[in-house]
2 protein chains.
Amino acid sequence: MKLTRGGDQPVDAEANKALRRSMKQMVNKRDPLVIFMPSGKRGSFPVGTKILDCARKLGVDLDSVCGGRGICSKCQITPSYGKFSKHGVTVAQDSLSEWNSVEQRYKDKRGLKTGRRLGCQASLITDAVIDVPAESQVHKQVVRKRVEVRDITLNPSTKLYYVEVQEPDMHEPTGDLERLIHALKRDWKLPDLIADLNLLKTIQKTLRKDEWKVTCAVHLGNESFSPRILKIWPGLYEGSIYGLAIDLGSTTIAAHLCDLQTGEVVGSSGIMNPQIRFGEDLMSRVSYSMMNENGAEEMTAIVRQGLNSLFKEIAHEANISSDVIVDAVFVCNPVMHHLLLGIDPYELGQAPFALASSSSKYFKASELELSLNPSAQIYILPCIAGHVGADSAAVALSEEPHKSDELMLVVDVGTNAEILLGNKERVLACSSPTGPAFEGAQISSGQRAAPGAIERVTINPQTKEPKFKVIGSDLWSDDPKFKESIKSSGVTGICGSGIIEMVAEMRLSGILDSSGLIGSSEQTGSDRCFLDGRTNSYLVWDESTSNGSKITVTNKDIREIQMAKAALYSGARLLMDKFNVDNVEKIVLAGAFGAHISPKHAMILGMIPDCKLDKISSAGNAAGTGARIALLDTKSRKIIEEVVKNINKIETALEPKFQEHFVNASNIPNSSEPFPILKSLFELPTVNFNQKQTGDTVGRRRRR
Amino acid sequence: MKLTRGGDQPVDAEANKALRRSMKQMVNKRDPLVIFMPSGKRGSFPVGTKILDCARKLGVDLDSVCGGRGICSKCQITPSYGKFSKHGVTVAQDSLSEWNSVEQRYKDKRGLKTGRRLGCQASLITDAVIDVPAESQVHKQVVRKRVEVRDITLNPSTKLYYVEVQEPDMHEPTGDLERLIHALKRDWKLPDLIADLNLLKTIQKTLRKDEWKVTCAVHLGNESFSPRILKIWPGLYEGSIYGLAIDLGSTTIAAHLCDLQTGEVVGSSGIMNPQIRFGEDLMSRVSYSMMNENGAEEMTAIVRQGLNSLFKEIAHEANISSDVIVDAVFVCNPVMHHLLLGIDPYELGQAPFALASSSSKYFKASELELSLNPSAQIYILPCIAGHVGADSAAVALSEEPHKSDELMLVVDVGTNAEILLGNKERVLACSSPTGPAFEGAQISSGQRAAPGAIERVTINPQTKEPKFKVIGSDLWSDDPKFKESIKSSGVTGICGSGIIEMVAEMRLSGILDSSGLIGSSEQTGSDRCFLDGRTNSYLVWDESTSNGSKITVTNKDIREIQMAKAALYSGARLLMDKFNVDNVEKIVLAGAFGAHISPKHAMILGMIPDCKLDKISSAGNAAGTGARIALLDTKSRKIIEEVVKNINKIETALEPKFQEHFVNASNIPNSSEPFPILKSLFELPTVNFNQKQTGDTVGRRRRR
């Protein structure tokens, strides 16, 4: 008899043997031992104890929604057999009770993997070793894509519980809710729960729909939200419950829908922040609220509308009702933080940039007028300071500089660069006004990352001829099939990561000197360089004769990039001063745009300080990842709240050295500058295109 | 120098003496002793310790809003002088530091009673005895009007705290809220507070209005509401904060506005429940919700509108903004409970009358769409059972049968009578369907209590002539000036308490026999009795010839009262069976209408069981009083929640004896019935007007 294969042929001899063995154990007065893997937790229990009960008593992480009624299948286990010398036990094939009809029914109806049993049906006969597969663990590990980071431990705010509730009668006059709470307490050892109004309105009908059997989504509570029942379904609810991780940026809003039972991302979507109509950058939005009576309210209303349309779309795509979205985490910069909450960002527009509130926040979805389950509790990560927001906190949660042995620089590149530098000892943070050049704005041929945008560039140092790739095609521009491959979009412009590569390649190929001047055709020996007003420009692509685009890099574009990279570098440099170092051991480039930056080109450009090239990586949307961690692992919320308290904010505006660093950083590195690692890796041309320049000196930019 | 009288003439000799004495104590190494009265708390403190600080360290109940800055005057104290042999101290006139300029300024500006000092200014020099006047105590006693009941101890949910907040700067990037919370923690030892969205929206402006000085209304929290700041004012807020005690009845809604700092009722108002348009009694409203798709929602909306207009009126009359109403307590029957919360009362209309929820509830005012401070936390008392609501719980809180040595019957008379019977050992409860007769409905000349309604009656046993008083006049109807005194209203009908006296007086005067028949003019010898259809009626008042009213009592009216009183009596009787008694030791008649019932007439009518007449009292609106206790003394909330759990609900519909008691109770007492106390007090006529009767037998009424 193979218990693990469905076991539909009971063999009496085998059963008798098992019985004899268990009787022998009883005579020996030793209860059988059960060892759970991978935890290694072990204990002895009387013959006949359900494996699920053993697991609960030992604190083994074995899931169950139905509480052992054999209907939810969450408690699947895999018994192991053989000799386990490490544990000192030998496990017989019949260490567990026989495969039973409940398991067979479940297998017939839903399927059950070979070797699996239901922990609530199989009971202990003799010594057993039980493997708890990952999907049966409540606190399972959610795998992150990047190899260098830890996985997320699932600790959701809200879980599902199935209960059978006592019917009311006239001798027992407690309310329906109280009997439901009692059942949850009795079966699941849950604390005294409460319920919001919206639940109270539906509880009576739902309880009566399937004979007083219901599944409850229970929020387990935290410091500002008492444990409560968020939603109930008649009978066993076989769907799941979901949470949203939302990165609310000034320009884009991205949301990931996560299954709170598995931790998986089941849907992602993004929209442009509809507040853009009130100003592209944050300061314009703060100004809008200063200049208009109800400006802040208007912007709050419109961003909430935008969020709701995004939520609707994402729920529709995942084919779920928005009512089963029971949790959400927001990360955002301080201005978006205030505008989401309906707080006038007035004070964030002037020194000392005081936040109305910096700590993390919990609100009900209904309070923020968000179309999720109305009792869904929204968590907003803490802000670090007036210019370093919950998005930076999320980056810290994702990248964990506070746990790093190496001195680690984390740069979240956007309209403002949020910069973290630190290690186990301490972490510093600052914000630097890079401006929108890295996002393709204020660049003559700049554009957002979209099909047709140049994103990869190399320039031949001899011929000065460029080749590039555009978003939407895998081919380089010198490929004969390139034009065919981009027929639908054409070449439309240069996106943020493309412009960085472009400028760095121009520098490497000697088209650009260290001061940021483009050489003339005579100086560079290339016709692609041409006089364009008082300075030179570099021609990248020209299809203008056939009604296509003409893409050039002007010296003004170079100046914009120089200013942006100088702002970023000088912010990092300021923090490095506090650590008294000239280079860092590790760099993580974060931000939606950071995902695409080529570390090599960023380094050639002098955007980032000296660091070994293989120690520079892109984290992608680390803020979004931080939001997802906070969503799935509620224990991480307290952790980041503590971490944020210990991050030391450096205000660039108060540091005289910042301006000095900024001026020094405006040049593109040359061999006389302090970048030993960079210089050891690349040969930096020593060209100098000095000529009379007017009106394009690099100056201090206002904060955006 | 009289320190206690303003002390504007410092006398050096006295001061020197005090100094010498204190120096002597210092040499003796004995710190001066301070004894606070009335608590008797005592302790020694170094010379110069502020009396407020001594009080705080000893846990003496001495109020302060400004935290010792000499601006709020809440910490007023009265030093005592002389020999206190009981305490073993002699207190010199200069036991405290000299009257100072802060006290003088306060006295000049606002006045200070003779003998009073400010506890935050006066400091300890030598042994002192300090009297804390009632108004300086936080937990002061609020005096209840009735002598037989305990006063209310003030323990409000929300208190005022003045703080000076650290200004933000760029080196200290915490939010404004966090610095405010820090100040409250530092100065007032308050826990970690949170703030709702509406506070976050105003905090930045308010903090900057008066140089970072603010007064905060802080809700101290409870099991489902974390401690939080509800409202802030710039500088020292000299107004008060308020709470509402609301008795939400089927017919009327009454609200009392209470000052949470003094416990005083500063305004009261009432309106008709606007749901009356959906049905006079509760069952009609339940039916309305069953018959109409959005019936329950409609009724919820309209009662909330009604409440909001009542709140507006009451705030307007008290000349306060509704935003300073930061707490509210509701008591109501189960159907009103559900309709207030927006829960369909469907299940309350059919056995087993299951409540959606029976336990006490907390909601924010904004959740219930009530126009108070949006963060005001609404408390709703627990329901005892499907027919015994939060109003009965409030009656229990006010009348405390669970603390009584004597067996105590509490009857809350309304459309349903809520009945409590018990003592220290146990308390039973039931609800009995009395119908609306006691409220003047279904009585031919019945009306609500309003000017012109007959409320007091006596009938001369010899002449059978009635005399009465109407609401709005102090004169009896046989007074020559009576007609003049009621000119504006006339005599318009008989109110609930009037009809009880009327029927009891008719019985006492021999117009009515024990079976409830009115005698004919021949049988009674009075022309006021006349044949009216198949039965007789009694003429009370006839001004019809001069265009006035004609008021009669018909035999059908008597039947209505008999049924109502039988329902009430049999409910009480059912509970008495459980205690195995035939009479009770104490009766309290509660309910808005209960306040006016004459205990004597109620007893003659057989409404209530046998009890010594001087042990029967009227409690007035005991449910409203219970609401006020729960509002002012938050500690009473936990107490009543526990008491309610231990009240044993008896369901009349399940008790076969109820019907039997009801039939037996329909007669009006005669000398053969078991009312020994009643019969010892009054001579019950033995008349018998038996005649062929049709169509007016007393039957079982449906529950209303």
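Trainee: Let me pick β29 of chain A; how many bridges pair it with β30(A), and in which sense?

Mentor: Keep in mind from the start that this is a predicted model. In it, β29(A) pairs with strand β30 of chain A, residues 616-620, over four bridges and in the parallel sense. Within that pairing, A:Leu589 has A:Ser618 of β30(A) opposite it.

Trainee: Which strand do five bridges join to β29(A)?

Mentor: That is strand β20 of chain A, residues 408-412, which runs parallel to β29(A) and is joined to it by five bridges. Here A:Ile587 in β29(A) stands opposite A:Leu409.

Trainee: Is β29(A) mostly covered or mostly open?

Mentor: Strand β29(A), residues 586-590, is mostly covered, since five of its five residues are buried. In a regular strand the side chains alternate between the two faces of the sheet. For β29(A), one side holds A:Lys586, A:Val588 and A:Ala590 and the other holds A:Ile587 and A:Leu589, and these are all buried, which leaves both faces covered.

Trainee: What does A:Val411 touch, leaving aside its neighbours in sequence?

Mentor: Once the residues within four places in sequence are set aside, A:Val411 is in contact with A:Ala417, A:Ile419, A:Leu568, A:Ala572, A:Leu589, A:Ala590 and A:Ile608. A:Val411 also belongs to the largest nonpolar core, which has 359 residues, and the residues with the most contacts inside that core are A:Phe330, A:Val411 and B:Val411. As a general background, nonpolar side chains tend to be buried together in soluble globular proteins.

Trainee: Let's zoom out to chain A; how many helices and strands does it have?

Mentor: Chain A comes to 18 helices and 31 strands, and its C-alpha atoms fill a box of roughly 100 × 60 × 55 Å along the principal axes. Of its 704 residues, 52% count as buried. Among the contacts in chain A with a separation of 6 or more, 67% are between residues 24 or more positions apart.

Trainee: And which domains does the assignment give for chain A?

Mentor: The domain assignment gives domain 1 (3-62 + 69-136), domain 2 (142-234), domain 3 (244-380) and domain 4 (394-436 + 560-681). The C-alpha centres of domain 2 and domain 4 of chain A lie 43 Å apart, and seven residues of domain 2 are in contact with five residues of domain 4.

Trainee: How many residues of chain A are in contact with chain B?

Mentor: On the side of chain A there are 40 residues, in contact with 40 residues of chain B. Helices α4 (176-188) and α5 (197-209) of chain A each supply at least two residues of the side that touches chain B, and α5(A) gives the most, with five residues.

Trainee: Over in chain B, what is the strand order in the open sheet of four strands?

Mentor: The order is β10-β12-β13-β11 in chain B, with mixed pairing. Strands β10 (158-164) and β11 (194-195) of chain B stand at the edges with a single partner strand each, so one side of each is left without a neighbour in the sheet. Two bridges join β11(B) to β13(B), residues 228-234, and these strands run parallel; B:Ala195 has B:Ile229 as its bridge partner in β13(B). Helix α5 of chain B, residues 197-209, packs on the sheet, touching β11, β12 and β13 of chain B, and its direction makes about 35° with that of β13(B).

How values were computed
Residues are numbered from 1 along each chain as its sequence is written. Chains are lettered from A and ligands numbered from 1 in the order in which they are written. This is a predicted model: local features need pLDDT of at least 70, side-chain atom pairs count only at pLDDT 80 or more; totals for chains, interfaces and linings use all residues. Two strands pair if DSSP finds at least two bridges between them. Two residues are in contact if their C-beta atoms, placed from the backbone, lie within 7 Å. Axes are lines fitted to C-alpha atoms, for helices over the stretch in contact, and angles run from 0 to 180 degrees between N-to-C directions. A nonpolar core is a set of buried Ala, Val, Leu, Ile, Met, Phe, Trp, Tyr and Cys residues joined through C-beta atoms within 7 Å. A residue is buried if 20 or more other C-beta atoms lie within 10 Å of its own, exposed if 12 or fewer, and partly exposed in between; C-beta atoms are placed from the backbone. Domain bounds come from an automatic or database domain assignment.
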